[in-house]
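Thanks, everyone. I'll take one structure today, and I'll start at the ligand.

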Amino acid sequence: MTTALKNYPISLLEVIRARSVVSSHMEPSPLRLYAGLSQLLGFNAYVKHENQNITGSFKIRGGINVMSHISQQGISGVVTFSTGNHGLSVATSAKMFGIPAIVVVPNGANPAKIRLIEAAGAEVIEAGDNFDESALVVAEISSSRGFYYVHPANEPHLVNGVGSEFLEVIEQLPDVDAVILPLGGGSEVAAAVATLKAIRPEIEVYAVQAECSSAAYQSWKQGRIVERSNETFAGGFATGSAYETTFDIYKDQLTDFVTLSESEIYQGIALAAYHTKNLVEGAGGSTLMAAWKLKERLQGKNVVMQFSGSNASPDEIRTAYELDAFYDGRF
Ligand SMILES: Cc1ncc(COP(=O)(O)O)c(C=O)c1O
């Protein structure tokens with residue numbers, strides 16, 4: 001049962017199927033053209049506002065599709081490990097489908113995040129001083145209670161669900177030339193490749209990651225999965241490894257891959273506020289900074305920069321909004 005879920009295909013057809021599930025639980029997110037940004041960047045600058053989704057990120061799309069399939073399998077509950085958007089998405093989508101959910105967070109995790117996950121309807125268990133220790137607890141719950149472990153990347157129904165975002169992009173902007181996306185575990189970039197490239201292979205897909213959590217970037221460069229240190233403040237990028245299911249899809253399909261310093265990531269948060277009046281988290285605003293670095297080759301094109309999420313901590317927001325970019329909008 002579990003193997004069938006993990007081995008399910010990821011394809012345009014499956015994204016179309018997932019879309020009907022996702023769209024019955026949430027509105028499409030807006031795609032907006034920003035004149036000021038277009039002028040600065042020299043291309044038609046569109047933003048796909050996944051930061052405005054319920055739970056504040058694109059992740060909910062994957063959660064909804066996973067839970068829809070779980071609910072048809074007679075599985076008694078779900079468990080995952082996360083301190084961020086994945087945990088919130090699993091908690092919220094499980095509640096939508098009446099499925100019990102447990103989210104394991106490391107000892108000492110931010111109490112505000114724990115409250116959000118609990119408010120979304122999941123039981124939170126604090127366990128382990130690092131990912132490996134917490135992962136053991138997830139495995140133990142999964143086997144003792146028969147709960148399904150919802151992995152943040154190696155999860156085909158999650159990737160197909162996230163793909164619904166890119167069907168929306170094609171409908172909202174059929175002449176899209178390029179999309180710029182943050183990459184952590186890779187579910188979003190893999191979904192973009194599976195969807196957009198199947199519809200029009202010449203659409204350019206660019207990925208962004210933090211310099212100090214660059215496992216996916218290094219894996220892409222070397223053509224094989226490698227591990228790297230993971231030190232960024234930006235939760236969406238925070239992974240120490242690439243993951244097989246998503247890596248296999250994006251490894252030969254990216255037009256390019258940009259990495260950003262921590263201060264550039266903060267600047268993206270400030271610029272998103274200045275130019276679009278939106279609250280974004282680090283990975284969310286990173287696509288603006290990546291666009292700035294790529295602007296020479298994007299001149300005159302229709303470019304979609306995705307704001308992936310809005311769950312920044314008060315400290316992160318304060319740091320970003322003290323930067324000059326928040327006041328003058330300059331890159
Ligand atoms: C806000 C945000 N942006 C980007 C990402 C990266 O997404 P993925 O893990 O699908 O690469 C995440 C992942 O959690 C996220 O929460």
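The shell around the ligand divides into 5 nonpolar, 13 polar and 3 charged residues. Here Ala, Val, Leu, Ile, Met, Phe, Trp, Tyr, Cys and Pro count as nonpolar, Asp, Glu, Lys and Arg as charged, and the others, Gly among them, as polar.

Before going on, a word on provenance. This is a predicted model: local features need pLDDT of at least 70, side-chain atom pairs count only at pLDDT 80 or more, and totals for chains, interfaces and linings use all residues. Residues are numbered from 1 along each chain as its sequence is written.

Back to the shell. The ligand is surrounded by 21 residues, and the closest are Gly185, Ser187, Gly236, Ser308 and Gly309. Helices are DSSP runs of H or I, at least four residues, numbered from the N terminus.

Now the domains. The assignment gives domain 1 (2-58 + 156-328) and domain 2 (60-149). These bounds come from an automatic or database domain assignment. Why does the ligand lie between them? Both domains give residues to its shell, so that is where it lies.

The C-alpha centres of the two domains lie 23 Å apart. Their contact takes 25 residues from domain 1 and 15 residues from domain 2. Contact means C-beta atoms, placed from the backbone, within 7 Å. On the domain 1 side, helix 8 gives the largest share, 6 residues. That side divides into 10 nonpolar, 14 polar and 1 charged.

Next, helix 2, residues 12-23. Glu14, Val15, Ala18, Arg19 and Val22 are buried there. Buried means 20 or more other C-beta atoms within 10 Å of a residue's own; exposed means 12 or fewer, and partly exposed is in between, with C-beta atoms placed from the backbone. The buried residues pack against helix 4 (59-71), helix 8 (156-162), helix 9 (164-172) and helix 10 (187-199).

Last, helix 13. Of its 15 residues, 11 are buried, so helix 13 is largely enclosed by the rest of the structure. Among them are Tyr266, Leu271 and His275. Just after helix 13, lysine 277 takes a positive phi of about 60 degrees.

Definitions and conventions. Helix = DSSP H or I, 4+ residues; strand = E, 2+ residues; numbered from the N terminus. Contact = placed C-beta atoms within 7 Å. Near = placed C-beta within 6 Å.
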